[in-house]
Amino acid sequence: MTVVIFDGPDKCGKTEMANELSKRSGIPYFKNKSEWDAFNSDPNYFQNALKYGDTFFYSFLRDTGTSVILDRSYPSEWVYSLVFERDRDIDMLRKIDTMAADIGTKIVVPYRTSYNGITDDVHDIDSDHLKKLCDAYSEFLQWTKCECLRLCVDSE
């Protein structure tokens, strides 16, 4: 079983890297596109996804030995809830992180050394928030039990 999460600030190439790894390895790629609609409209979506969706999903991966390459997962909730000051369930995040670590999940976090002039039009996130997200991902990497790779994409 191989489980790889590509997670990090917007505009760092997560989707392209995850798709390319999927193509080269033959491991299925998955992105939950429902998050796009919920980002600005339903902050409870993410806590419900953790509590109900992620516990189910990581149990499924463990019990079936299914391999997957994920374009975002629970690290986003850890980081975005911190930066955007949403309620977060740190106990549930720890539970999911432990489940992910127990199945050998690897987390790849691409980042830039500067976000000047970069914005995410989809979620209306400016360069200052992208920098804060990047810093929060650095904190997450110290918190998680999963093996991680931080990948600078300045030279793309």
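Visitor: Taking contact to mean heavy atoms within 4.5 Å, what share of the contacts in the protein chain with a separation of 6 or more comes from residues 24 or more positions apart?
Guide: Such residues account for 77% of those contacts. The model is predicted: local features require pLDDT of at least 70 and side-chain atom pairs pLDDT 80 or more, while totals for chains, interfaces and linings use all residues. Residues are numbered from 1 along each chain as its sequence is written, and side-chain values use heavy atoms, with hydrogens and water left out.

Visitor: How many helices and strands are there?
Guide: The protein chain has six helices and five strands. These are DSSP runs numbered from the N terminus, with helices (H or I) of at least four residues and strands (E) of at least two. Along the sequence the pattern reads β-α-β-α-α-β-α-α-β-α-β. The radius of gyration is 15 Å, close to the 15 Å given by the globule rule for 156 residues, so the chain is as compact as a globular protein of that length. That radius is taken over C-alpha atoms, and the rule is 2.2 Å times the number of residues to the power 0.38.

Visitor: And what box do the C-alpha atoms fill?
Guide: Along the principal axes, the box is roughly 45 × 35 × 30 Å.

Visitor: On to the sheet. What is the strand order?
Guide: The order is S2-S3-S1-S4-S5 in an open sheet of five strands, with parallel pairing. Two strands pair if DSSP finds at least two bridges between them. Strands S2 (29-30) and S5 (147-152) are at the edges with a single partner strand each, so one side of each has no neighbour in the sheet.

Visitor: Which helix packs on the sheet and touches S5?
Guide: Helix H1 (residues 14-25) does, and it also touches S1 (3-6), S2, S3 (68-71) and S4, with its direction at about 170 degrees to that of S3. Helix H3 (residues 44-64) lies across S1 and S3, at about 160 degrees to S3. The axes are lines fitted to C-alpha atoms, for helices over the stretch in contact, and angles run from 0 to 180 degrees between N-to-C directions.

Visitor: How many bridges join S1 to S3?
Guide: Four bridges join S1 to S3, and the partner of Val4 in S3 is Ile69. Three bridges join S1 to S4, where Phe6 is partnered by Val108. Strand S4 (residues 106-111) pairs with S5 over six bridges, and Val109 stands opposite Arg150 there.

Visitor: Which way do the residues of S1 point?
Guide: Val3 and Ile5 point one way, Val4 and Phe6 the other, and all are buried. Buried means under 20% relative accessible area, exposed over 50%, and partly exposed in between (1.4 Å probe, protein chains only). Buried residues form 45% of the 156 in the chain.

Visitor: Which residues touch the most other members of the largest nonpolar core?
Guide: Of its 35 residues, these are Tyr58, Tyr74, Val79, Ile96, Ile107, Leu133 and Phe140. Such a core is a set of buried Ala, Val, Leu, Ile, Met, Phe, Trp, Tyr and Cys residues joined through side-chain atoms within 4.5 Å. Elements giving two or more residues to this core include H3, helix H5 (90-102) and helix H6 (127-143). H6 gives the most, with eight residues. A second, separate core of six residues includes Val4, Phe6, Ala18 and Val108.

Visitor: What does Tyr58 contact beyond its neighbours within four places in sequence?
Guide: Its contacts include Ile5, Leu70, Tyr74, Ile96 and Met99.

Visitor: Is Glu77 buried or exposed?
Guide: Glu77 is buried, with a relative accessible area of 5%. Glu77 lies in helix H4 (residues 74-83). Beyond residues up to four places away, Glu77 touches Phe46, Gln47, Leu50, Arg86, Asp87, Arg88 and Leu93.

Visitor: Now backbone angles. What is the phi of Lys11?
Guide: Lys11 has a positive phi of about 70 degrees although it is not a glycine. Most residues other than glycine have a negative phi. Lys11 is in the loop between S1 and H1 and is partly exposed, at 43% relative accessible area.

Visitor: Where does Arg72 lie?
Guide: Arg72 lies in the loop between S3 and H4. Its phi is also positive, near 80 degrees, and Arg72 is buried, with a relative accessible area of 10%.

Key
Contact = heavy atoms within 4.5 Å.
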